[in-house]
Amino acid sequence: MKNIFVLILVINSFLFAVDAKQETQTDIEVRKQLEKEKKYAQEQTFYQGSDYNLKSFEVNPDAVKDKPEMDIDYSDGDDVLEMD
């Protein structure tokens, strides 16, 4: 009788250990999903422009003041290929 009780006790302890591992695996999966959601949330604010720092790309007006103004031709080139 003692042997059966000890056997049941050992089996139950193994089952509880397996359950604890599954909870740990669940916690890991939840943590991974939360990290993905944080990354998605960060990308959404990044694409909105509030996180851009464009100061380094601004043009100094004094540096281009002496440059001649360019005439830009916005035509698409259709007038070059006119055929009679």
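Searching the whole structure turns up one salt bridge, meaning a side-chain nitrogen of Lys or Arg within 4 Å of a carboxyl oxygen of Asp or Glu. The partners are glutamate 58 and lysine 55, whose side chains meet at 3.9 Å, N to O. Both glutamate 58 and lysine 55 are exposed (over 50% relative accessible area; buried is under 20% and partly exposed lies in between, with a 1.4 Å probe and protein chains only).

A word on the source: this is a predicted model, where local features need pLDDT of at least 70, side-chain atom pairs count only at pLDDT 80 or more, and totals for chains, interfaces and linings use all residues. Residues are numbered from 1 along each chain as its sequence is written, and side-chain values use heavy atoms, leaving out hydrogens and water.

Here is the chain as a whole.

| Item | Value |
|---|---|
| Helices | two |
| Buried share of the 84 residues | 0% |
| Accessible surface | about 9,000 Å² |
| Carbon and sulfur share of that surface | 58% |

Helices (H or I, at least four residues) and strands (E, at least two) are DSSP runs, numbered from the N terminus. Areas come from the Shrake-Rupley method with a 1.4 Å probe, and for residues only the protein chains shown count as cover.

Phenylalanine 5 lies in helix H1, residues 2–47, and counts as exposed because its relative accessibility is 58%.
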